[in-house]
Amino acid sequence: MAHGVGETLVLFLLAVYFSKGMSIRHHHESNDNESTSSSFIDGRFCLSWRLGVETNNVLLWRTVPTQCLQYVEDYLIHGQYDRDLELIMEQALSYVDAIPLVADGMDGWILDVDDTCLSNIYYYKSKKYGCDPYDPLAFRAWAMKGGCTALPPVLTLFNKLIDKGFKVFLLTGRDEETLGQVTIDNLHNQGFTGYERLMMRTMVYKGKSAATYKSDIRKQLEDEGYRIWGNVGDQWSDLQGNSSGNRTFKIPNPMYFVP
């Protein structure tokens, strides 16, 4: 009798043990599934958000959504951004080959500077890739170091434009008074030499939007007689407005929005 009770007790304890184990395993699997599902939903949202940004349907956004921090980092660091940039510049290079140049020195092309010629990705890493609000003083301090690196596909386009005889204008929203010389030096050190002019924001355009400022400068170039065959920038404000060029090329930038 005692032997039978002992066996029953052992079987009962084993049943409780395995029941708890199954319960814990089910709990962890349930949590893992919920985590995977949540990650999948965030990934889909962030992909849609970035598409909205790049197509200029998401406007006046101040920061990257916090749930998209990892998504934006992966996009910028793990190869997709590079592949997108290379494809866009391949299209620009093909277009350049097809342009019938007039040998009068008035065939022009415009390139933006920040995150077009020069990359600020390492700076924005410290700002959670745009999840933190824009900090003008911190960005100025970064730019003053003159350590921005060239975006290689854009440098390839730049060199081809120079070789073919285009007058290349670098048009940037950087302040001429405080960042003029360091920007010239940074561009030169990264291989951007031989351009026609570096055009920077002056007091005349203080407080005006980038779209207004850049549109006015392009109009001035056309008034000088230049034909603007192409225009490359990472912001829609680089490309919209008057005298935007015969063809524009938008470089991806999910880190910030400049109106």
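Select S4 (residues 167-175), helix H7 (residues 176-189) and S5: together they make a right-handed β-α-β unit. Keep in mind that this is a predicted model.

S4 and S5 pair in the parallel sense, over four bridges.

Now colour S5 (residues 197-201) by accessibility. Is S5 enclosed or open? Four of its five residues are buried, so the rest of the structure largely encloses this strand.

Next, select helix H8 (residues 210-223). Check its length between the end C-alpha atoms: they are 20 Å apart. The 14 residues, at 1.5 Å a residue, should span 20 Å, so the two values agree.

Show the side chains of H8. Which of its residues are buried? They are Ala210, Tyr213, Lys214, Ser215, Ile217, Arg218 and Leu221. An α-helix has 3.6 residues a turn, so residues three or four places apart point the same way.

The buried residues of H8 are covered by elements including strand S1 (107-111), S4, S5 and strand S6 (227-233).

Step just past the end of H8 to Gly225. Its phi is positive, about 105°.

Finally, zoom out to the whole protein chain. There are eight helices and seven strands. Of its 259 residues, 41% count as buried. The accessible surface is about 14,200 Å², with 57% belonging to carbon and sulfur atoms. Take the contacts between residues at least 6 apart in sequence: 73% of them join residues at least 24 apart.

Methods
Residues are numbered from 1 along each chain as its sequence is written. This is a predicted model: local features need pLDDT of at least 70, side-chain atom pairs count only at pLDDT 80 or more; totals for chains, interfaces and linings use all residues. Side-chain values use heavy atoms; hydrogens and water are left out. Helices (H or I, at least four residues) and strands (E, at least two) are DSSP runs, numbered from the N terminus. Buried means under 20% relative accessible area, exposed over 50%, partly exposed in between (1.4 Å probe, protein chains only). Contact means heavy atoms within 4.5 Å. Accessible areas come from the Shrake-Rupley method with a 1.4 Å probe; for residues, only the protein chains shown count as cover. Two strands pair if DSSP finds at least two bridges between them. A crossover is right-handed if, with the strands pointing away from the viewer, the path from the first strand over the helix to the second runs clockwise. The expected span of a helix is 1.5 Å times one less than its number of residues.
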